[in-house]
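Q: I would like to learn how to read packing features in a model of a protein. Could we go through them one at a time, beginning with the aromatic rings?
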Amino acid sequence: MTEWENVVIELVALAGIIFGAVYVEHWNYLRMQKKTDKATRKKMLLLIKEDLIRKIRFIDDSIQYHDYKPFFTSVWDSVILSGKQTLLEFDLIQNLEHTYSWMKYYNTELQQKGTAGNEQTIKELLVEIRKTVDSSLKIL
């Protein structure tokens, strides 16, 4: 063999080693990212589920005691602002957005019209919110 053939063989072997190392490093990165995303998704779903359960108690207390206060939608807002909603399935995002939109609509209605003379509408909204929360909890 000539010296050029040896150089070519060594360079091909070196290229194979470099390519293999980069491939393994990229594969490991993707594996770790999937693991991190799965853990984040699990924690996020738990947080949303606990928030929706608190919302049901809030609705029940509001109706029982005729004490109508606005909803805090900060949990869903923080999910959206963090950009982590992409970890969830599209149908789930759509459902949760619908649920929290009802809460925001209730807040707007409560803020604009108040409870005086508007109690029946407020109760109807709370019943509708309860239905959407139950629907979201079933999906979760």
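A: Rings of Phe, Tyr and Trp, the last by its six-membered ring, are said to pair if their centres lie within 6.5 Å. With that in mind, and remembering that this is a predicted model, one can say that the structure holds four aromatic pairs.

Q: How is the aromatic pair of F58 and F71 arranged?
A: In general, a pair of aromatic rings is described by the distance of the centres and the angle of the planes. For F58 and F71 the centres are 4.9 Å apart and the planes make an angle of 55°, an arrangement that counts as tilted. This pair links distant parts of the chain, since F58 belongs to helix α1 while F71 sits in the loop between α1 and α2, 13 residues apart.

Q: Is F71 buried or exposed?
A: The cut-off to apply here is that buried means under 20% relative accessible area. F71 has 4% relative accessibility, and therefore counts as buried, whereas F58, with a relative accessible area of 24%, is partly exposed.

Q: What kind of aromatic pair do W102 and Y105 form?
A: Planes over 60 degrees apart count as edge-to-face, and W102 and Y105 form such a pair, with 85° between the planes and 6.0 Å centre to centre. Both residues lie in helix α3, which covers residues 90–113, and they are three residues apart, about one turn of the helix. W102 is partly exposed at a relative accessible area of 22%, and Y105 is likewise partly exposed, at 44%.

Q: At what angle do the axes of helix α1 and helix α2 cross?
A: The axes of α1 (residues 3–65) and α2 (residues 74–82) come within 10 Å and cross at roughly 155°. Angles over 145 degrees count as roughly antiparallel, which means that α1 is roughly antiparallel to α2. The crossing of these two helices is left-handed.

Q: Which residues of α1 and α2 meet?
A: From α1 come M44, L47, I48, D51 and R54, and they meet V75, W76 and V79 of α2. Sorted by class, this contact of α1 with α2 has six nonpolar residues, two charged residues and no polar ones.

Q: Which residues does E109 touch, not counting those up to four places away in sequence?
A: E109, which is found in helix α3, touches G114, N118, T121, I122 and L125 when those neighbours in sequence are not counted. E109 is buried, with a relative accessible area of 7%.

Conventions: Residues numbered from 1 in each chain as written. Predicted model: local features only at pLDDT ≥ 70, side-chain atom pairs only at ≥ 80, totals over all residues. Heavy atoms only, no water. Axes fitted to C-alpha atoms, helices over the stretch in contact; angles between N-to-C directions. Helix = DSSP H or I, 4+ residues; strand = E, 2+ residues; numbered from the N terminus. Parallel < 35°, antiparallel > 145°, perpendicular 65-115°, else oblique. Left-handed = near helix turned anticlockwise from the far one by under 90°. Contact = heavy atoms within 4.5 Å. Nonpolar A, V, L, I, M, F, W, Y, C, P; charged D, E, K, R; others polar. Phe/Tyr/Trp six-rings, centres within 6.5 Å; stacked < 30°, edge-to-face > 60°. Buried < 20%, exposed > 50% of the residue type's maximum accessible area, 1.4 Å probe, protein only.
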